[in-house]
Each structure stands twice: as structure tokens, then as C-alpha cells.
Amino acid sequence: MQDMNAMQATHFLRLLSRLKPLMAPTLPISTSQQTKFILKSAYASMAYAAGPRRVWSRALVRRIRRNRRRPTMRIINKRRHVVRPRRRPAEGGSEELRKVIPGGDTILNGARLVEETSDYVQFLRTQVIIMKALVSSFSKGQHG
Amino acid sequence: MSGRRSSGSRITEDEINELISKLQLLLPEARRNSMARASATKLLNETCNYIKSLHREMDDLSDRLSNLMLTMDTDSAQAEIIRSLLLH
């Protein structure tokens, strides 16, 4: 798990370093845009560290990429329709959980859902640890 | 896992018991204690709440990091973070 941590942390920092040129006085971005970028980078690092073997990591990557592009349009009967992902009906009890796991609505098998949940939670926990470490290290830097 | 189940949407009782124990292990200590004899539904709800709280933490930490951005030197931070993670 240590290798995962290092890979996830390194990737996160690499993504964060892209913010630096955007903060130059000639091209300022707002704090809220900064925050959004950091949050996106956080989820991206999780997905990157987990790799494509998981439903949740693939769904996260799709979600992140989708935010950069306009929604796909299709022409049906001479009208433009936005294509939305098809939702499948979920069985009792686990609907709430499926909503909260990226790509959860496509997981029909209960056992698979628990696997994905367990995996997702571990990467979430790791990401939180990484970000807390960053916050504390940079907070110290300010007073140092 | 003991046996291979068909990937239909029906969950058997064995699978439910397996899920319950897995979900219990997933929760951190503090949330786990009240779940000793929890039903699958309760566990699913508690897991949901836990994940939502992790999402909120990510939001909050992103906000704090954003405010600290100006002082950030990502290169030396990288070395420091990895060092502290490997020492755990």
C-alpha cells in the first residue's frame, strides 16, 4: 500500500504544480476556480493510482473529462438531444450507495458493489491523508 | 471468495452475510462500535454516510489548500510528503 501512497501523492503534486503558472499576476484565477482545480486533481490522482481495473476509477475519469467538454449531442427527428448515460434500476437497499460511488449505477451485482466500495473508500482515505499532510506541511512553511 | 455466483442481480443470503461483514470492516473504529448487530440496510446507510463525510473532507481540504497555494513549493513538498508516508 505504501507504493500506492507514493504514486498517488506524486501524481497529485504533479497536477498541483500546473496551478503555479496560472497564478501569475498577469493571469489570475479566482480562489474558487483554484479550489475546483485542486478538488478535480484530487479525484484524478485517486483514479490514476487505482488504474482502469475499477468501475469507480473509470467513471471518475469520464466525469472529469466530461466537465471539460460540452455534453455530447445527437440529432433525433431533426432535434438536438443531449445524450445522458442510461440509468439502470437498482435493487433494494443499495440505491443510496450506488449514487455515492462513481459509476455505481452500472454495478448490478451486490458483491461487486461492496468490492468497489471498499476499494473506493481506501483510495479516498489515502487522498485525505495526502491532502492533510500537504496542508500541515505548507502551514508550517508559512510560520517557519 | 468461496463460490462463484452468477452475476444476476439477486443476492443470496450467504452473499448478504459476506457483504455485512465486509461493510463492517470498512467503517473506521468509531463508527463500527454501534454497528455490532446491524442489519445490512443500516450498514449500507452508515457506509453511505461515511463516504459522504469523506467527500466533504476532500472539499474542505481543497479549500484550505487553495488558500495556502501562494506559499506552495511543490518540489520540496513532494520529497517531504513521500518521506513521511514511507515512514508510517
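This is a predicted model: local features need pLDDT of at least 70, side-chain atom pairs count only at pLDDT 80 or more; totals for chains, interfaces and linings use all residues.
Biologist: What is the secondary structure of chain B?

Modeller: Read along the sequence, chain B follows the pattern α-α-α-α. The secondary structure of chain B therefore comes to four helices and zero strands.

Biologist: What share of the residues is buried in chain A, and what share in chain B?

Modeller: A residue counts as buried when its relative accessible area is under 20%. In chain B, with 88 residues, the buried share is 36%. For the 144 residues of chain A, the buried share is 42%.

Biologist: Are the rings of Trp56(A) and Phe123(A) stacked, edge-to-face or tilted?

Modeller: A pair of aromatic rings is described by the distance of the centres and the angle of the planes. Planes under 30 degrees apart count as stacked, over 60 as edge-to-face and the rest as tilted. Here the centres are 5.5 Å apart and the planes stand at 50°, so the pair is tilted.

Biologist: Which helices does the pair of Trp56(A) and Phe123(A) link?

Modeller: The two residues are 67 residues apart, and their pair links distant parts of the chain. Trp56(A) lies in helix α3 and Phe123(A) in helix α5 (residues 110-143), both of chain A.

Biologist: Is Trp56(A) buried or exposed, and is Phe123(A) buried or exposed?

Modeller: The cut-off for buried is under 20% relative accessible area. Trp56(A) has 0% relative accessibility, so Trp56(A) is buried. Phe123(A) has 3%, so Phe123(A) too counts as buried.

Biologist: Which residues form one aromatic cluster?

Modeller: Over all chains, the count comes to two aromatic pairs. One aromatic cluster is formed by Trp56(A), Phe123(A) and Tyr120(A).

Biologist: Where is Asn109(A), and is Asn109(A) buried or exposed?

Modeller: Asn109(A) sits in the loop between α4 (95-100) and α5 of chain A. Its relative accessible area is 16%, so Asn109(A) is buried.

Biologist: What separates the C-alpha atoms of Asn109(A) and Phe123(A)?

Modeller: Along the chain, Asn109(A) and Phe123(A) are 14 residues apart. The separation of their C-alpha atoms is 21 Å.

Biologist: Which residues form a positive surface patch?

Modeller: Patches are made of residues with over 30% relative accessible area. Arg58(A), in helix α3 (residues 55-66) of chain A, is partly exposed at 38%. The residues of the positive patch are Arg58(A), Arg62(A), Arg63(A) and Arg66(A).

Terms used. Residues are numbered from 1 along each chain as its sequence is written. Chains are lettered from A and ligands numbered from 1 in the order in which they are written. Side-chain values use heavy atoms; hydrogens and water are left out. Patches are made of residues with over 30% relative accessible area and no salt bridge: like charges are joined within 9 Å, nonpolar side chains (Val, Leu, Ile, Met, Phe, Trp, Tyr) within 5 Å. Accessible areas come from the Shrake-Rupley method with a 1.4 Å probe; for residues, only the protein chains shown count as cover. A salt bridge is a side-chain nitrogen of Lys or Arg within 4 Å of a carboxyl oxygen of Asp or Glu. Lys and Arg count as positive and Asp and Glu as negative; His and the chain ends are not counted. The place of a charge is taken as NZ of Lys, CZ of Arg, CG of Asp or CD of Glu. Buried means under 20% relative accessible area, exposed over 50%, partly exposed in between (1.4 Å probe, protein chains only). Rings of Phe, Tyr and Trp (its six-membered ring) pair if their centres lie within 6.5 Å; planes under 30 degrees apart count as stacked, over 60 as edge-to-face and the rest as tilted.
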